[in-house]
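Let's walk through a protein model together, one feature at a time. Keep the picture at hand as you read.

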Amino acid sequence: MAEGCIKHVVLFKAKADADKEQLSAFESDAAAFKEKIPVVTDAYAGETFTTDRAQGWTHMLVVTIKGGKDALSEYSNHAAHQEYVKKIGSAFEAEKLAMDILV
């Protein structure tokens, strides 16, 4: 992996009445970030299978962003990311946990 890449990780808590189509889009639309957002080199999302230690978090998004710290805002502000947030937003609780590391 190139120096200056970011691993962007976000944890979500699905609502009890979450729409199955939104949860499916959470995974498939995240994978499409690679083709839609120039600074994204990899992206995946899914539901945890280790619920006993997840402390209520049910889903995780992991995105690899090239270009160092400045590229994070390019990713965050990109139209594809903004559409994704709107599309999946109501399936999850408002509380999210996001962290970013340089690798």
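## How strands pair

Two strands count as a pair if DSSP finds at least two bridges between them. Strands of a sheet pair through backbone hydrogen bonds, either parallel or antiparallel. With that in mind, please remember that what you are looking at is a predicted model.

β1 and β3 run antiparallel and are joined by seven bridges.

## The sheet as a whole

In what order do the strands of the open sheet lie? There are four of them, in the order β2-β3-β1-β4, and the pairing is antiparallel. β2 (40-47) and β4 are at the edges with a single partner strand each, so one side of each has no neighbour in the sheet. From one strand to the next, the twist averages 10 degrees.

You can follow the pairing across the sheet. β2 and β3 are paired over seven bridges, in the antiparallel sense, and Val-40 has Ile-65 in β3 as its bridge partner.

Angles here run from 0 to 180 degrees between N-to-C directions.

Now look at β3 itself: is this strand mostly covered or mostly open? Six of its seven residues are buried, so β3 is mostly covered, given that buried means under 20% relative accessible area.

## Three salt bridges

Next, look at the charged side chains. A salt bridge needs a side-chain nitrogen of Lys or Arg within 4 Å of a carboxyl oxygen of Asp or Glu, and by this rule the count is three.

One of them joins the side chains of Glu-95 and Lys-13, at 3.1 Å from N to O. Why does this pair tie together parts that are 82 residues apart in sequence? Glu-95 lies in the loop between α4 (79-88) and β4 (97-102), whereas Lys-13 lies in the loop between β1 (6-12) and α1 (20-31), so the pair spans that separation. Glu-95 is partly exposed, with a relative accessible area of 46%.

Another salt bridge is formed by the side chains of Asp-29 and Lys-87, at 2.8 Å from N to O. This pair links distant parts of the chain, with Asp-29 in helix α1 and Lys-87 in helix α4, 58 residues apart. Asp-29 is partly exposed, with a relative accessible area of 23%, and Lys-87 is partly exposed as well, at 45%.

There is also a salt bridge between the side chains of Lys-34 and Asp-42, with an N to O distance of 3.8 Å. Lys-34 counts as partly exposed at 37% relative accessibility, and Asp-42 is partly exposed with a relative accessible area of 27%.

## A closer look at Lys-13

Let's return to Lys-13, in the loop between β1 and α1. Its side chain makes a polar contact with the side chain of Glu-95, at 3.1 Å. Which other residues is Lys-13 in contact with, leaving aside its neighbours within four places in sequence? Besides Glu-95, they are Gln-55, Gly-56, Trp-57, Thr-58, Ala-91, Phe-92 and Glu-93.

Methods
Residues are numbered from 1 along each chain as its sequence is written. This is a predicted model: local features need pLDDT of at least 70, side-chain atom pairs count only at pLDDT 80 or more; totals for chains, interfaces and linings use all residues. Side-chain values use heavy atoms; hydrogens and water are left out. Helices (H or I, at least four residues) and strands (E, at least two) are DSSP runs, numbered from the N terminus. Buried means under 20% relative accessible area, exposed over 50%, partly exposed in between (1.4 Å probe, protein chains only). A polar contact is a pair of N or O atoms within 3.5 Å; within protein, one must be able to donate a hydrogen and the other to accept it, and residues adjacent in sequence count only if both atoms are side-chain atoms. Contact means heavy atoms within 4.5 Å.
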